[in-house]
Structure formats: structure tokens, C-alpha cells
Amino acid sequence: MPVLGRRPSWQQQLRQTKAKEWLFAGQPDKFPLAELQNIADRLLRDKSPVLSRRGIPGRSHECDVLWANELVTVRGELGIHESAILGCLHLLTYPQARGQILSLRPDHTFPDVFFERRLDAYLQCVVLSRRANPDVCSEDEVAAAEELLGVLKGSSKDFPSILRLLKAIGEGKCHDLLPVALVKKVLKRTHYQENLTRELNSLRRARRWFDAYKLVCGLRDVARLPKADQMLRDLFPDYPMWAAWRPDPVRILSWESPKLIPYRDQLAPILDLEGPDTTGQQRGTLRMSSPGAFVSPGDPTLFMDGDILDRLLRVLDSSLLIGPATIDMLLAVCLEDLPLSTTSLPQLEAAIASSSDSLSAILAAYVRSSSLTMPLTVRLQAVVSVLPLLTERPNLQDCFGFALNLGHRAATLLSEAQHDFRTCVAAGTPSPDNISSLILSLGRELLNAEWLCADWPFSRLAILQSFPTEAEVLLALNAIASGDLDDPSLAGHVEVLARIWRTDAVSLSEDAVELDGDPVTLSSPQTAFEVHL
């Protein structure tokens, strides 16, 4: 019980702080170092001889002796002893300060149940010594201690890297504070090698290259240090592959963007190109040794040209800057049904030059519409949407128009839609998804696309020019749907609709369905009405 009016001892003052709590909490920024240093300064003043004018100066032999005796009183109090040393570190000479820090290093040869807790406190002291007395521990030693502390506590957000630790060991810069045997003991107790193997394999499968890069960056430099080489080989799975890896850090960091998350699996063949060389040739990236998944069956050497793969990666980089629809267009053009080719790469580059995500969405839908498994109306809408876009942008007409045979596709689609619409009218059933409107829209866009239809014969263009308006078609459909099939006036409405599907001897395309000469029969349970066209 303290005597009334007497100041508590420095030991009591220290115990009343939160130094021990924050030391083990692993939050050095909250450690009350200034408060502890004030306690140490007051003790030094109190212990100075009464008749002495200058007192006991800091960083003197007298000060070292004083604190060596005082620290004995808290030895064995885990957390308090370490905090006391940090509090007086600024008052000690270098040999005494260094010796006090080293005295905290636990014995790794016969570790007891408190080994990890003592090691935790010791490493925290090394890290905090940078604030208490920067001369005591070098920057390399502090960095090494921070990494070993991350391994020990396992509470880091990211998997802890130990390359700075291994570099310090390899250069012999921390042999007394962190002996190799102690480091190996910690790595073994924490199963670091097994966890590192698991982590790198997981990152490699997920193509999370930037996270993997943080774990292996500098591995090549550390490998040149004889003292660290064997430890690296023991710790790192596929050590030569990771040591040789030299990706573009800015690029793989941009691939951490949330925009890429929905497409990461599909983009795997491209992401692999910037990953480590898995062929065993120990090149800087995979693309330097192999095109990966981009192998042409007809010409296995086609994509061995590094320039083509570099251009593809630049396209992905640009797509990320533009938006998700542009990433999706990249998938449609070179990673889905249409493999990367000497045609598709210029298509991507031309589209990306426009820097428009909405344009990319239209182009992606158009490229995918070449699949006959898609509904007719979806294919129609894709072509109707892309025609005005290409008409406005001549730079895209060659690579997306003529290269993909748009003229033939559009004519074939129109013929198929005409046939389906005629069948619906004859059966008295509604046309699917307003197919008549899409037919009329396609006809208008083809007439506007002079660049595409300039060589068409007049007879083909005349068919498009004879299309009725949408208002006329709507009126005719409503009249047929609500009228009496015995009413001869319906023939006029059917004639309007017939202008949509009528063809002449010169069809719109080689695959067009010939419709001339067949009657359209509007049926009901009571009667039948035929209009011969």
C-alpha cells in the first residue's frame, strides 16, 4: 500500500500504464512509449545526487549502471520487463542498449510453453526500438523482425512474406538478433513452408498474380546470397520458376480491379501469359516461352510471335480502363467460339480505339449472334444494332463488317425472318417478339448502309424500299386479329403484310427462302380465306 503523499515507484507507474497490453496486442502505434520515457526521465532525476548540479547524464556509464540495477527488479515480469527496457532505451549507451535488447531473446534450443509469448515480446521490442532509440537496431534488423513477427502471429491481412528476413540473413545483417537457428525454429513451429506452398498454389490457380508477386518479389536477388540459398530451396515450392518470374507489376496490380472479378475465370488464358513460366525454361513470363492456350491447330508457331501476345495483353489493359462491356467484347471476339486469330486481334484493337463501353456491348452481341443456336430475334436485334454503328464508324467496317461477312448474314437473317413472319400470319398466331418491327428496322438500316450494299442489284434494294411503314403493319395486324375472316376487305390488309415477305426472282441472299406464288390462307373453324400473291 503506497504511503500517502509519496509518489508511486517507477515500477508501479509502469504497471499502471497500458504498455503490456499494447505490446502483446501487436499495435506498435498505440504503445505508450512517450509515457514510459517520462517515467524513466523522472527516475534519473530522482536518483541524481542531491548536491550534484548536473545530475546523472543520459547515455553515460553512471546511467547504464543505474538502469542495469533497476531493470533487475522487473526481470521475469513478461511484458513489464520489455516495456521498461523500451522506456529507458533512449538514456542508454549503444552497448548497454543493444545488450538489453539481446537479453530479451528467448532460448530457442530448449523452448518451453512460454517460448512463443516471449519471442513475441522480444520481436515487438526490436520493432519498437526504432522509435525509442534508432541507433540500437538497423533498418534491416527491424524489417526482418517485422516479417518474422508476421509469421509468428499469423494475423496479417495478407500471407506474410519473409524475403526481407531472408535477405538480412543472407547478408549477415541480423545474425545476433535473429540467428538462423531461431528463424528456422519459428518457421517450423508455424508450418510456414506448408502454408506457403498452399498459398502460392491457390494464388496460381486463381491467377492472383499481384498477391503472388508480393510473396516472391526479390526472390532472384536473395537467391544470389549463399547463406540464404538453401533456406529458399527448402521453403519455396517451384523455387526456380518463381525466382525467374518478372511480370509487369503495374499490369498485374490493375488486374486486381473489381471490374475483372466476373470475368477472371474466362480470362484465364490471357492472365496466364503474364504469369510464371510453367514450361521449365525459367523465362520471365509464360508468354516468353509459350503461347499457353493460344495455340493454332493449323500453325503451332502462329502465336509464338511475342508481339501478338503483347498486343493481346495491351488490349486487356485498355479494356479494364474502358469498362466491363469492353472486357466482355474481348471474351466474345477471341476466347469463346471464335479463337484468337490474326483477324480477331485487329478487330479488338479497332474497337478499343473508340474507348466506348456502349459500343463494345453492341459489338459483343453482334459477334455472338453468328451462332445459329441463338433465337432468331436475338440475332436480328444484334445486326440491326450494329449496322448504324458501323455506318457511322468507317474504321470498323472492314474488321467487323466485311471480315464477318455482314452483308450475307444480314440478307440471310432477313429472309429467315420473312419466312417466319409469313408463317405466323398464315396460322393466325402473333409474331414472336415483334418480329415484323425488326424486319422493317433491318430493311431501313440496310438501305442506309451504302458502304455494305453498294454492289447489290437494284432488284434487291427495291424489295427493301417496298416495305410498308410500322404504322401500316400495326393497322393490318390489328384488323386481321379482330376482323371477320369472311370480310373481303381483309385482302387489302394481307396485301400490306405481304410487302414484308414478298421476294422476286432475285433473292436477297443465296440462302433466302422463296415465297412467290404461294397463297396465304387465313383459317378459322368456320371458313377459310385465301389471298394469292
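This is a predicted model: local features need pLDDT of at least 70, side-chain atom pairs count only at pLDDT 80 or more; totals for chains, interfaces and linings use all residues.
The lining of the largest cavity in this structure has eight nonpolar residues, two polar residues and no charged residues.

**The cavity and its lining**

Two cavities of 30 Å³ or more are present in the structure. The largest has a volume of about 50 Å³. Its lining is made up of Trp10, Leu14, Leu36, Ile39, Ala40, Trp67, Ser83, Ala84, Gly87 and Cys88. Helix H1 (10-15), helix H3 (33-47) and helix H5 (80-88) are the elements that give two or more residues to this lining. H5 supplies the largest share, four residues.

**Helix H5**

**The chain as a whole**

The protein chain has 29 helices and two strands. Of its 533 residues, 48% are buried. Taking the contacts between residues at least 6 apart in sequence, 67% join residues at least 24 apart.

**A pair of helices**

Two packed helices are described by the angle between their axes and the distance between the axes. For helix H24 (residues 406-427) and helix H29 (residues 490-501), the axes come within 9 Å and cross at roughly 155°. Angles over 145 degrees count as roughly antiparallel, and H24 and H29 are therefore roughly antiparallel to each other. On the H24 side, the contact involves Gln418, Phe421, Arg422 and Val425, which meet Leu497, Ile500 and Trp501 in H29. By class, the residues of this contact are five nonpolar, one polar and one charged.

Asp337, by contrast, is in the loop between helix H19 (324-334) and helix H20 (344-352).

| Residue | Relative accessible area | Class |
|---|---|---|
| Ile252 | 1% | buried |
| Arg251 | 11% | buried |
| Asp337 | 69% | exposed |

Buried means under 20% relative accessible area, and exposed means over 50%. Ile252, at 1%, is therefore buried, and so is Arg251, at 11%. Asp337, at 69%, counts as exposed.

Arg251 is in contact with Glu274, Arg287, Leu313, Arg314 and Asp317.

Separations between C-alpha atoms complete the description of Ile252 and Asp337. Ile252 and Gly275 are 23 residues apart along the chain, and their C-alpha atoms are separated by 9.1 Å. For Asp337 and Ser371, which are 34 residues apart along the chain, the separation of the C-alpha atoms is 8.6 Å.

Methods
Residues are numbered from 1 along each chain as its sequence is written. Side-chain values use heavy atoms; hydrogens and water are left out. On a 1 Å grid over the protein atoms alone, a cavity is a set of points where a 1.4 Å probe fits but cannot get out, and a pocket is an open set with protein on both sides within 12 Å along at least five of seven lines; lining residues have an atom within 4 Å of a point. Grid points are joined across faces, edges and corners, and a volume is the space filled by probe spheres set on the points. Ala, Val, Leu, Ile, Met, Phe, Trp, Tyr, Cys and Pro count as nonpolar, Asp, Glu, Lys and Arg as charged, and the others, Gly among them, as polar. Axes are lines fitted to C-alpha atoms, for helices over the stretch in contact, and angles run from 0 to 180 degrees between N-to-C directions. Angles under 35 degrees count as roughly parallel, over 145 as roughly antiparallel, 65 to 115 as roughly perpendicular and the rest as oblique. Contact means heavy atoms within 4.5 Å. Buried means under 20% relative accessible area, exposed over 50%, partly exposed in between (1.4 Å probe, protein chains only). Lists of a residue's contacts leave out its neighbours within four places in sequence.
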